[in-house]
Amino acid sequence: TGLQKHFPVHAGLLRRQVAAVKAVDGVSFSVGKGETLGLVGESGCGKTTTGRMIMRLLEPTAGSIKFEGREISKLSQGQMRPLRRDIQMIFQDPYSSLNPRKTVGSIVGAPFHLQKIDTPQGVKKAVQELLELVGLSPEHYNRYPHEFSGGQRQRIGIARTLALKPKLIIADEPVSALDVSIQAQVVNLLEDLQNELGLTYVVIAHDLSVVRHISDRVGVMYLGRMVEIADQADLYTRPQHPYTKALLSAVPIPDPAARKDRERIRLTGDVPSPLNPPAGCPFHPRCWKAQPKCATEVPVLADRGAGRSVACHFPEN
Ligand code: SF4
């Protein structure tokens with residue numbers, strides 16, 4: 001709730017703070033047990049920073065993070081250690097997140113060894129079970145990451161993530177480094193694992209089609225703020241924030257008949273710098289619906305009913 005991450009910018013001989021990059025600027029949302037929340041937005045919108053704050057890989061500048069009702073934003077790293085089992089992260093790049101010099105067995109088994117769980121034989125058995133769970137073979141135990149395809153490497157990363165039986169998984173662009181043909185397989189695997197293990201996901205992605213398939217609810221971020229959050233079906237069929245509408249209009253539609261009816265909204269200009277965000281609505285320099293009020297008054301994220309909230313002075317109906 002009210003999560004902020006401002007990175008200070010220093011200058012001069014005395015390295016005084018002269019400004020702050022507002023990477024995340026007051027974001028609030030919740031995720032229910034067993035639910036998947038998709039977080040989407042262009043690069044630099046603050047979605048990865050938000051995920052890293054939940055993991056406590058980054059300290060929030062302000063705001064609260066509650067996990068199972070317990071405030072965790074102020075816990076020391078030592079106090080966080082037992083919770084590290086419950087909250088895990090799947091990284092974007094399966095190529096760089098696996099140590100090329102380690103076998104699959106030692107990569108997936110590392111969390112067991114770090115937490116001093118089980119005997120070497122017990123760890124081997126547990127790792128082989130995890131490999132099967134993610135669609136790999138127990139015989140892959142002694143092989144090295146370079147012997148696997150991109151999709152298989154992401155499966156190895158997912159097996160490692162599952163080793164400590166987490167409850168919440170933050171998946172940061174889990175398929176964006178993979179071929180399109182493989183992406184659906186990994187998304188389906190994440191869904192199957194959720195059903196089997198009762199996992200809760202926050203899935204961060206710039207690609208709205210990835211998030212659509214897997215999410216129960218979707219939050220759209222722009223320049224460090226949440227601009228719309230709604231149930232997946234509502235958001236995709238009836239977006240109310242102009243930015244959500246523009247993002248959705250750029251998602252390819254395979255059916256040519258459906259494509260003809262859709263209005264393509266081309267956003268002009270780039271996302272402004274979070275070092276110097278525009279006054280008023282941060283989207284106003286690029287918004288085709290902007291009115292004078294938009295340049296001076298910040299729209300708050302307001303409840304629009306049916307579980308949807310929108311931060312816009314003139315939302316679509
Ligand atoms: Fe566009 Fe104004 Fe809504 Fe911002 S508040 S999204 S500028 S209409």
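Is Glu68 buried or exposed, going by its C-beta neighbours inside 10 Å? Glu68 counts as exposed, because it has 10 such neighbours inside 10 Å; the rule here, with C-beta atoms placed from the backbone, calls a residue buried if 20 or more other C-beta atoms lie within 10 Å of its own, exposed if 12 or fewer, and partly exposed in between.

Before I go on, a word on what we are looking at: this is a predicted model, in which local features need pLDDT of at least 70 and side-chain atom pairs count only at pLDDT 80 or more, while totals for chains, interfaces and linings use all residues. Residues are numbered from 1 along each chain as its sequence is written.

To stay with Glu68 for a moment, this residue sits in the loop between S4 and strand S5 (70–71), and its phi is positive, about 50 degrees, although it is not a glycine. Most residues other than glycine have a negative phi. Arg56 is another non-glycine residue with a positive phi, in this case near 65 degrees, and its place is in the loop between helix H1 (47–54) and strand S4 (66–67). Arg56, however, counts as buried, because it has 20 C-beta neighbours inside 10 Å.

Now the chain as a whole. It has 10 helices and 12 strands, where helices (H or I, at least four residues) and strands (E, at least two) are DSSP runs numbered from the N terminus. For 317 residues a compact globule would have a radius of gyration near 20 Å, and the chain, with 21 Å, agrees with that; the radius is taken over C-alpha atoms, and the globule rule is 2.2 Å times the number of residues to the power 0.38. Of the 317 residues, 38% count as buried.

Let me turn to helix H4, residues 120–133, whose 14 residues reach 20 Å from the first C-alpha to the last, close to the 20 Å expected at 1.5 Å a residue, that expected span being 1.5 Å times one less than the number of residues. Val123, Val127, Gln128, Leu130 and Leu131 are buried in H4. They cover an arc of only 160 degrees around the axis, which means that they lie on the same side of H4, the arc being that of the directions from the helix axis to the C-beta atoms. On the other side of H4, Gln121, Gly122 and Glu129 are exposed. The buried residues of H4 pack against helix H3 (104–114) and helix H5 (150–162), with a contact taken as two C-beta atoms, placed from the backbone, within 7 Å. After H4 comes Gly135, with a positive phi near 85 degrees.

Val227 lies in strand S10 and counts as buried because it has 26 C-beta neighbours inside 10 Å. Leaving aside residues up to four places away in sequence, Val227 touches several residues, among them Tyr243, Thr244 and Phe283.

Finally, the ligand: of the 13 residues around it, Cys281, His284, Cys287, Cys294 and Cys312 come nearest, a residue being near if its C-beta atom, placed from the backbone, lies within 6 Å.
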